[in-house]
Amino acid sequence: MRNYVDIASRVKNLNGPVELIGTVHDYPIYQIRLASSAAAPVPILLTGGVHGDEPAGVAATLQFLERDNTELLKRFTFVVIPCINPYGYVHGTRENREGVDINRAFDTMDVPEVAIVKKAIAQTQFSLAIDFHEDYDATGFYLYEGKRDEAYIGVELADAVKTIGPIDADDPGEEAPEIAAGVYKVATEWGTQGLAPYLLHFHSEHVIITETPTIWPLEQRVALHLGILDGTLAFC
Ligand SMILES: [Zn+2]
């Protein structure tokens, strides 16, 4: 079992306003807003831990929150939900306690984690949303991108982080159109069941799902996620 108390204490030690957006089976779900006082641009949403057995996404959001973002905060505002599925995180399960894959339930309101996230972001439009994931079968990284104007930057992003680790050679098998090796489109056929497609439809003109192979060391996976984030911000 992973320790969620460590996550909660790292969140509470941050220098920013931490908001408790909900509690599921006694596990608090947090949202942190990072903004400089001067600028208030349209925020960027970062999410991790939708799938509980993918810890690098949680680690990436926390590492991002704990690092010095002074320069970025001159240009950007961030809303971060580090762990959407704390029960799954603690118990190492993809699904929540009820066995629901939260990332296939965003077209409903009867899954508590989904309802909490939807309510938290209900009034907010984002310029970009990145949802950090992992893949147990992959040997390299890959990403999905959805962009309303279809001016995709995924190929450049993949190129920018390939020094951290290789692109996965295999098709992820999610029936997503391939843009280039390791870069796939968020498919319209997915509807709004997944978090990223839901955000693309209702809350964000640009979404990215990053996928790291769990066989890599945790630090390498975190570096890849943050490399994609920083690469994307360089385009914004
Ligand atoms: Zn996942």
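**From a loop into the sheet**

Modeller: His 25 sits in the loop that links β1 to β2, where strands (E, at least two residues) and helices (H or I, at least four) are DSSP runs numbered from the N terminus. The model is a predicted one, in which local features need pLDDT of at least 70 and side-chain atom pairs count only at pLDDT 80 or more, while totals for chains, interfaces and linings use all residues. Residue numbers start from 1 along each chain, following the sequence as written.

The phi angle of His 25 is near 50 degrees, a positive value in a residue that is not glycine. Most residues other than glycine have a negative phi. His 25 counts as exposed because it has 12 C-beta neighbours inside 10 Å; the scheme calls a residue exposed at 12 or fewer other C-beta atoms within 10 Å of its own, buried at 20 or more, and partly exposed in between, with C-beta atoms placed from the backbone. Glu 150 also has a positive phi, near 60 degrees, and is located in the loop between β6 and α5. With 8 other C-beta atoms within 10 Å, Glu 150 is exposed.

Contact between two residues here requires C-beta atoms, placed from the backbone, within 7 Å.

Further along that order comes β5 (residues 128-135), the strand that holds Leu 128. Leu 128 is buried, with 23 other C-beta atoms within 10 Å, and, setting aside residues up to four places away in sequence, touches Ile 44, Ser 204, His 206, Thr 232 and Cys 236.

Strand β9 (residues 206-213) is largely enclosed by the rest of the structure, because eight of its eight residues are buried. His 206, Ile 208, Thr 210 and Thr 212 point one way from β9, whereas Val 207, Ile 209, Glu 211 and Pro 213 point the other way. The pairing of β9 with β6 is antiparallel and runs over six bridges, with Gly 146 standing opposite Val 207. Strand β6 (residues 142-147) pairs in turn with β8 (residues 183-185), in the parallel sense and over three bridges, and there Glu 145 stands opposite Lys 185.

Helix α2 is itself mostly covered, with ten of its twelve residues buried. The end C-alpha atoms of α2 (residues 55-66) are 17 Å apart, which agrees with the 16 Å that twelve residues should span at 1.5 Å a residue, the expected span being 1.5 Å times one less than the number of residues.

The largest nonpolar core has 63 residues, among which Val 80, Leu 143, Ala 196 and Leu 199 touch the most other members; such a core is a set of buried Ala, Val, Leu, Ile, Met, Phe, Trp, Tyr and Cys residues joined through C-beta atoms within 7 Å. Helix α2 gives this core its largest share, seven residues. Beyond its neighbours within four places in sequence, Val 80 is in contact with Gln 31, Ile 32, Leu 34, Leu 46, Thr 61, Phe 64 and Leu 65.

Terms used. Pairing = 2+ DSSP bridges.
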